[in-house]
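Thanks, I will keep this short. Please have the sequence and the model open while I talk.

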Amino acid sequence: MKTHNHDVPREPATLDRRSALAALGLAGIGALAAGASAQPGSLPAPRVPAGAAPSGEFGPEAFGWDEQAGQFTLPKLPYASNALEPVIDAQTMEIHHTKHHAAYVAGLNAALGELKRLREGRGDLSLVRHWSRELSFHASGHINHCLFWRLMAPAGRGGSPAGELAAAIDRDFGSLDAFTAHFKAAAAQVEGGGWAWLVRDRACGRLWITQTEKQQDMFPTAASPVLGIDVWEHAYYLKYQNKRSDYVQAWMGLVNWWAAGELFAAGA
Ligand code: MN3
């Protein structure tokens, strides 16, 4: 597996951060960038909810893009593989990260490479649909997992909804309890493998709860992710077997609300 060469000079963190969020397609990037100080290497003032510490979770290292290679790499987990025990056991984390997530990275790079070959006249253009599907599935799978790792924190470390995010949850769901009940039901009822998401719709600014089947199906076009839970069986089966609802219930105690606040601000 290719890794970043950390000896290569890097752009100031402000630019890396903007690029990383731009790669995600998140709106609000201009707002983040506009908060940037002129001092090289300094972080912009993130528009996180009042009272919430900026988590800085979603810098370029979160997404593993290697600009020189023009490929993605598998990002490191932001904590030890046993850091989320007992809710998520270390073996599940290790398999999920080094096998499943790594496979999405490989599939994404393969799709990007094959589509490039087609453009260069070295492939079969009738396969565009196939490789476009591969691109969509694996790109979504990769980014979903990049977000997922950082949207979790060891129990008791993730804070709680604060500031603008907390106010938006109250406005759009009525209460945190009502949000939680809706979100857990959405996660429990994903048909097959998929995800439940709290998203901020960029067209109206409201928070919605959505499901995605597989990695990307049914995701609303203007939605910007705020919080997501992986409910593919590989995320929980070793410990929870068929009891997905038990996993979802326990998972709510791992939410990194600082990171969710950062995504909420970026999706304005
Ligand atoms: Mn997964």
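I will start with Arg 117, which counts as partly exposed because its relative accessibility is 30%. By that term I mean between the two limits: buried is under 20% relative accessible area and exposed is over 50%, with a 1.4 Å probe and protein chains only. Before going on, the source: this is a predicted model, where local features need pLDDT of at least 70, side-chain atom pairs count only at pLDDT 80 or more, and totals for chains, interfaces and linings use all residues. Residues are numbered from 1 along each chain as its sequence is written, and side-chain values use heavy atoms, with hydrogens and water left out.

Back to Arg 117. It forms a salt bridge with Glu 114, with 3.1 Å between the closest N and O atoms. A salt bridge here is a side-chain nitrogen of Lys or Arg within 4 Å of a carboxyl oxygen of Asp or Glu. Helices are DSSP runs of H or I, at least four residues, and strands are runs of E, at least two, numbered from the N terminus. Glu 114 is partly exposed, at 23% relative accessibility.

The structure holds seven salt bridges. Another is Lys 116 with Glu 120, at 2.7 Å between the closest N and O atoms. Glu 120 also meets Arg 122, at 2.6 Å from N to O. Through shared partners, Lys 116, Glu 120 and Arg 122 join into one network. Lys 116 is partly exposed at 44%, as are Glu 120 at 40% and Arg 122 at 48%.

Now, which charged residue is buried yet has no salt bridge? That is Arg 200, in strand β3, residues 194-201. The nearest side chain of opposite charge, Glu 164, is 5.2 Å away; Lys and Arg count as positive, Asp and Glu as negative, and His and the chain ends are not counted. A polar atom of the Arg 200 side chain lies 2.6 Å from the backbone oxygen of Phe 264.

Last, the metal. The protein donors of the manganese ion are His 96 (NE2), His 145 (NE2), Asp 230 (OD) and His 234 (NE2), at 1.9 to 2.2 Å. Donors are N, O and S atoms within 2.8 Å of the metal, or 3.2 Å for Na, K and Ca; water is not among the atoms, so sites may look incomplete. Along the chain the spacing is H-x48-H-x84-D-x3-H. His 96 in helix α3 (residues 90-119) and Asp 230 in strand β5 (residues 223-230) are 134 residues apart, and both are buried.

How values were computed:
Polar contact = N/O pair within 3.5 Å; in protein donor to acceptor, adjacent residues only side chain to side chain.
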